[in-house]
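Q: I would like to go through this structure with you, one topic at a time. Could we begin once it is on the screen?

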Amino acid sequence: MIWNEAKECMSRDEMTNLQSARLRKMVNRVYHSVEHYRRKMQQMGIEPGDIKGVEDLGKLPFTTKSDLRDTYPFGLFAVPQSEIVRIHASSGTTGKATVVGYTRKDIEIWQECVTRVLAMAGIGINDKIQVAYGYGLFTGGLGLHYGAENLGATVVPMSTGNTQRLITMMEDFEVTAIACTPSYLLHIAETIQEAGKLDKIRLKAAICGAEPWTDNMRNEIEDKLHLKAYDIYGLSEILGPGVAADCEYHKGLHVYEDHFIPEIINPETLEPCKEGETGELVFTTITKEGIPLFRYRTRDLTSISYDKCECGRTLARISRFKGRSDDMLIIRGVNVFPSQVEAALLEVAETSPHYMMIVDRVNNLDILEVQVEVEERFFSDEIRELEMLTKKISHVLQSALGISVKVTLVEPKTIARSEGKAKRVIDKRKLV
Ligand code: DLL
């Protein structure tokens with residue numbers, strides 16, 4: 001039985017009707033309250049009345065991160081400041097922060113979305129959940145916190161910063177669920193294993209997201225901690241965590257289409273992609289009040305399916321993310337994503353998914369070095385074994401990426417662990 005059947009199991013026609021009604025209202029409201037959009041629509045010769053439903057979505061202008069930066073801090077807000085009850089911001093790597101504001105209703109909708117995600121992962125009022133995403137301007141901590149509280153679970157607001165304390169409390173409080181980035185959870189799992197505490201841990205579910213991860217990484221986490229790991233997706237501009245998440249079948253992430261209309265476009269031509277084709281994910285918010293966005297280009301690369309899921313939900317599903325278009329490295333003309341490296345490394349039993357990609361340019365030639373952690377024993381054994389393993393990993397990576405790779409094996413714990421989003425790439429070409 002699906003907890004939120006009325007919202008998650010509608011027929012496509014019912015969903016389209018609901019979305020169209022919400023879209024019409026929101027376009028009208030935004031046109032009259034956000035100068036930036038009104039100007040853009042006027043330049044394109046569109047009036048609110050031209051948007052009759054979802055079929056007219058393509059007439060609306062796209063929004064990009066630069067629109068948010070150009071109107072920094074509050075230029076895209078659609079309500080007076082007195083109606084804004086919370087602000088979040090993401091720093092990004094360049095320029096000013098991206099600022100988003102929430103009205104009380106926005107916070108309620110956000111809570112509702114996260115509650116739906118947690119319920120989909122089988123979490124309920126008898127669970128104790130440690131929220132180990134960062135609390136603060138990042139949306140992970142507070143987003144999961146309010147959603148879990150709204151569900152009625154017992155929240156332990158850990159934030160990040162002290163893995164030992166997190167594990168002690170996990171054991172003492174008999175914590176049954178955790179929410180954090182997948183890379184941090186892997187670090188937690190290894191620390192638990194080293195401390196010989198695995199049999200004292202009662203975790204049954206993990207809600208992981210905020211960074212790309214692969215099915216192999218999920219398997220590794222599930223095997224290490226004997227739990228079920230679920231994927232949660234979101235971005236501050238649209239909401240924070242809770243825009244989409246996967247169910248127990250792990251066949252893509254269900255998008256909460258009653259609040260966000262997804263599109264997949266070709267990032268070069270900006271034309272819509274066919275169902276199943278990989279492209280850039282674009283969202284239009286249809287219930288947000290504080291900062292409603294038209295066709296926001298997420299830069300995240302995925303594909304979409306409208307087939308009914310085995311779980312019974314009819315919500316559109318997006319496939320796991322291949323990465324972001326701005327994470328994509330072009331090395332000697334070949335497109336390379338960190339997620340390809342992760343997936344390939346997880347095929348090699350002797351490695352761990354802790355790696356760092358270092359890209360450099362020597363004599364005008366791009367060089368990719370991948371540093372990989374391997375078990376300690378390889379460094380005490382004969383040098384020949386280390387060489388053989390280096391060759392094996394180079395071969396696996398070369399066939400996965402289609403370019404030659406310099407592999408450097410490093411001892412466990414050499415690569416810095418992150419408690420938030422993992423850093424996987426150092427591109428020295430950008431530093432010169
Ligand atoms: O990362 C919100 C979040 C917090 C999501 C906690 C899930 C859990 P931002 O900092 O704005 O917001 O970063 C958003 O992170 O565009 C993706 O590139 C990436 N991302 C988020 N979730 C996933 C995921 C939060 N499940 C950016 N898989 C997005 C892959 C993800 N990438």
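Q: Are E263 and R295 buried or exposed?
A: This is a predicted model. In it, E263 is buried, and R295 is buried as well.

Q: What do the side chains of E263 and R295 form?
A: E263 and R295 form a salt bridge, with their closest N and O atoms 2.9 Å apart. The pair links distant parts of the chain: E263 belongs to strand β10, while R295 sits in the loop between β11 and β12, 32 residues apart.

Q: Which sheet contains β10?
A: β10 belongs to an open sheet of 4 strands, in the order β10-β11-β12-β15, with antiparallel pairing. β10 (260-265) and β15 (323-324) are the edge strands, each with a single partner, so one side of each has no neighbour in the sheet.

Q: And how many bridges join β10 to β11?
A: β10 pairs with β11 (residues 279-285) over 6 bridges, in the antiparallel sense. Within that pairing, I261 has T284 in β11 as its bridge partner.

Q: What holds paired strands together in general?
A: Strands of a sheet pair through backbone hydrogen bonds, in a parallel or an antiparallel sense.

Q: Changing topic: how much space lies in the second largest pocket?
A: The second largest pocket holds about 360 Å³ of space. It is lined by 21 residues, and those closest to its centre are V54, L57, P262, E263 and Y306.

Q: Which element gives the most to that lining of the second largest pocket?
A: β10 gives the most, with 5 residues. Both α2 (12-33) and β10 supply at least two residues each to this lining.

Q: How do the lining residues of the second largest pocket divide into nonpolar, polar and charged?
A: The lining comprises 10 nonpolar, 3 polar and 8 charged residues.

Q: Back to salt bridges. How many are there in the whole structure?
A: A search of the whole structure finds 32 salt bridges. Among them, the side chains of E112 and K7 meet at 3.5 Å, N to O. This pair also links distant parts of the chain, since E112 is in helix α5 (residues 104-120) and K7 is in helix α1 (residues 5-8), 105 residues apart.

Q: Which residues are linked with K7 and E112 in a network?
A: The network of salt bridges links K7, E8, E112, R116, D258 and R313.

Q: What about K392 and E350?
A: The side chains of K392 and E350 meet in a salt bridge at 3.2 Å, N to O. K392 lies in helix α12 (residues 383-401) and E350 in the loop between α10 (338-345) and β18 (351-362), so the pair ties together parts that are 42 residues apart in sequence. K392 counts as partly exposed at 39% relative accessibility, whereas E350 counts as buried at 18%.

Q: One last topic: how many residues of β8 are buried?
A: Strand β8 (residues 240-246) is mostly covered, with 7 of its 7 residues buried.

Q: Which strands pair with β8?
A: β7 (residues 228-235) runs antiparallel to β8 and is joined to it by 4 bridges; Y233 has A244 in β8 as its bridge partner. β9 (residues 253-255) also pairs with β8 in the antiparallel sense, over 3 bridges, and A245 has H254 in β9 as its bridge partner.

Q: What lies between these strands?
A: A hairpin of 4 residues joins β7 to β8. β8 and β9 form a hairpin with 6 residues between them, and H250 in that turn has a positive phi of about 50°.

Notes: Residues numbered from 1 in each chain as written. Predicted model: local features only at pLDDT ≥ 70, side-chain atom pairs only at ≥ 80, totals over all residues. Heavy atoms only, no water. Pairing = 2+ DSSP bridges. Salt bridge = Lys/Arg side-chain N within 4 Å of Asp/Glu carboxyl O. Buried < 20%, exposed > 50% of the residue type's maximum accessible area, 1.4 Å probe, protein only. 1 Å grid on protein atoms, 1.4 Å probe; cavity = no way out; pocket = protein on both sides within 12 Å on 5 of 7 lines; lining within 4 Å. Points joined across faces, edges and corners; volume = space filled by probe spheres on them. Nonpolar A, V, L, I, M, F, W, Y, C, P; charged D, E, K, R; others polar.
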